[in-house]
Amino acid sequence: MSAPPTLTRETKTGSALVVSNLTKRFGDRTAFSEISFEVGYGEVFGFLGPNGAGKTTTVRTLGTLIAPTSGSATVAGIPLSPENGVEIRQRIAIMPESPGLYLRLTVTENLEFFAGLYGLHQPAARIKEALAAVNLSDRASDLCGGLSKGLRQRMGLARTLLSDPAIMFLDEPTSGLDPVAALEVCNLIIGLRQKGVTIFLTTHRLDEAEKLCDRVAIMNQSLRTVGRPDELREQLFHKALIVKTLAPLRDPDQLFSPLPGVESWRSEEPGSYVLSVSDPKVAAPEVTRGLVGAGVDVLSIAEAQHSLEDVYLELIDNNAKASQP
Amino acid sequence: MTSLDATRVRAVVRKELMEFRRKRTIVVTMAALPILFLVEPIVSIFVAAPLGSRSYLDHFVILPLLYMLLIPVITPSTLAAFTVVGEREQGTLEPLLTTPLTTQELILGKAAAIMVPTLVMSYSIYVLFLAAVRLFAHPAIASAVFHNGAVLLALFLFAPLVAGWSIVVGMAVSVRASEVRVAQQLGTLASLPIVGVVFLMALNVIHPTFEVALIFALVILAIDLRALRIVSRMFDRERLVTGTRATRS
């Protein structure tokens, strides 16, 4: 019998997803190769990559829609295999990029159908709760064909919530939505995150991933990196201070090189300098004192901030350069 | 083979019937096609003059009655052809395949859902037609029709069997077709073997007796069950979702 409707964090141990050297090829074409990662219960895991990177194919593989060519995975504690397909699909929910609703059926009828497929007891209570979670209770009797694209996406989310899944796979949930509708979907995902729902989110909206995800994986057929966005920033970029002065310095090397904590420097434009430092908290006061002591008119001294977009572009650019002959 | 879950099959049947009711084109098509196949029996039974001996009349009414067997063959072909490729075209197949629903449950549920309106339509037409014969046909013709008990019984017993044949052929086409229109055109080919049998009977190559009817019924039943399994095996989730045939390492 299915659990009562909760949509809250379950106490589970171990990993929700364990992927080990998973590869999928379609004939000669490789969709993704040798990818390995783990996702913990209650975690929001972002799966980033350019178009054609293999994100959707990965979701379909983990969702037992297609079979891997090699490698192994455990999904919600069950080994990924064709024999375990039904059991795995019973424990997960996938929202494809297009929600795929039956447009001639009402919102409630669509959800009743899927409740039946998951064999839910007390489907009415589940449907009510899922609709409330995505703020669609007042549209329960509307035909899905009459819903806007944003509302259909919310309806797709309600459908994934219906079975209280151990893992939710959301494939580009804000794709094609206007900014307001995209923000609404993001806020819903934030709400689910706060309730402890495990979410595997594929997206190429980096601002969205940065806001929503505990950890991200960046892939382009193979996995480029996995980690927390701030960890990735630290891995890829040196800590730096950005110094701006009113006029270009006459001899920047003489000024910056002796300062404690400053490892190197470069000038991006006249009056603007990027200083690689070991620890910004140590270096910033020293740099300030040095500049003021040398009589320089300082406009600003700030720690360099790298967004997830910088990380992504750095990795994808490196990948593109590496693949060039 | 995975065991079937009745709840999931029922969910598919319920959803399909709800969708049928709301697709006006489907209702119109389902209602219009059987009317076409009533033209020949109506002309034969109501217009033809009751000339000849009793045994001649008995034989004369067999073909029009057997012709009505084409109604349960033709009626479900449009719906059956839509089942898989239609879901794929409207983007609902992938969400459906992400649920615990097995291929066998999906195929069985959809087949059962098409069988319901097909039989309701076919039996309604048979009953109305026979009532009209009793009330309005020439007494000699009416007597000949109701004298053919074996044929009348076969008409009612064969309806689900030939409908089943048409549904599995339509679904097999739907599983492989790239678009709905192609599937619907190819699906109508399902009627050819049944048309062939009817004509063989009309030409006296096969005589419609109880023994013949029983053998045909068992053969069609066996073919239907076997074909249902074949359709399940033809259902390649990977190809349907990605457009690429499944490959194994």
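This is a predicted model: local features need pLDDT of at least 70, side-chain atom pairs count only at pLDDT 80 or more; totals for chains, interfaces and linings use all residues.
Leaving out residues up to four places away in sequence, Phe235(B) touches Val84(B), Leu93(B), Leu97(B), Thr103(B), Leu106(B), Ile107(B), Val175(B) and Leu240(B).

In soluble globular proteins, nonpolar side chains tend to be buried together.

For a contrast, stay on chain B and select Val182(B), Leu186(B), Leu189(B) and Leu192(B). These residues make a nonpolar surface patch of about 340 Å². Is Leu192(B) buried or exposed? Its relative accessibility is 52%, and because exposed means over 50%, Leu192(B) counts as exposed. Leu192(B) belongs to helix H13 of chain B, residues 191-202.

Now move to chain A and show strand S13, residues 272-277. Six of the six residues of S13(A) are buried, so the strand is largely enclosed by the rest of the structure. Ser272(A), Val274(A) and Ser276(A) point one way from S13(A), while Tyr273(A), Leu275(A) and Val277(A) point the other way. In a regular strand the side chains alternate between the two faces of the sheet.

Strand S11 of chain A, residues 240-245, runs antiparallel to S13(A) and is joined to it by five bridges; here Val243(A) stands opposite Tyr273(A). Strand S12 of chain A, residues 262-269, also pairs with S13(A) in the antiparallel sense, over six bridges, and Trp265(A) stands opposite Leu275(A). S12(A) and S13(A) form a hairpin with two residues between the strands, where Gly271(A) takes a positive phi near 85°.

A further hairpin is found at S9(A) and S10(A), with one residue between the strands. Select Gln221(A) in the turn, which has a positive phi of about 75°. Strand S10 covers residues 222-227 of chain A and runs antiparallel to S9(A), with five bridges joining the two. Asn220(A) has Ser222(A) as its bridge partner in S10(A). Then look at how S9(A), residues 215-220, pairs with strand S3 of chain A, residues 44-48: the sense is parallel, over four bridges. Leu48(A) stands opposite Ile218(A) in this pairing.

Next, display the open sheet of four strands in chain A, which has the order S2-S1-S4-S5 and antiparallel pairing. Which strands stand at the edges? They are S2 (29-40) and S5 (78-79) of chain A; each has a single partner strand, so one side of each is left without a neighbour in the sheet. At the S5(A) end, two bridges join it to strand S4 of chain A, residues 70-75. Thr74(A) has Pro79(A) as its bridge partner there.

Finish at Ser163(A), in the loop between helix H5 (149-161) and strand S7 (167-171) of chain A. Ser163(A) has a relative accessible area of 11% and is buried. Leaving aside neighbours within four places in sequence, Ser163(A) is in contact with Ile92(A), Ala93(A), Tyr118(A), Leu120(A) and Arg126(A).

Note on methods: Residues are numbered from 1 along each chain as its sequence is written. Chains are lettered from A and ligands numbered from 1 in the order in which they are written. Side-chain values use heavy atoms; hydrogens and water are left out. Contact means heavy atoms within 4.5 Å. Two strands pair if DSSP finds at least two bridges between them. Patches are made of residues with over 30% relative accessible area and no salt bridge: like charges are joined within 9 Å, nonpolar side chains (Val, Leu, Ile, Met, Phe, Trp, Tyr) within 5 Å. Accessible areas come from the Shrake-Rupley method with a 1.4 Å probe; for residues, only the protein chains shown count as cover. A salt bridge is a side-chain nitrogen of Lys or Arg within 4 Å of a carboxyl oxygen of Asp or Glu. Buried means under 20% relative accessible area, exposed over 50%, partly exposed in between (1.4 Å probe, protein chains only).
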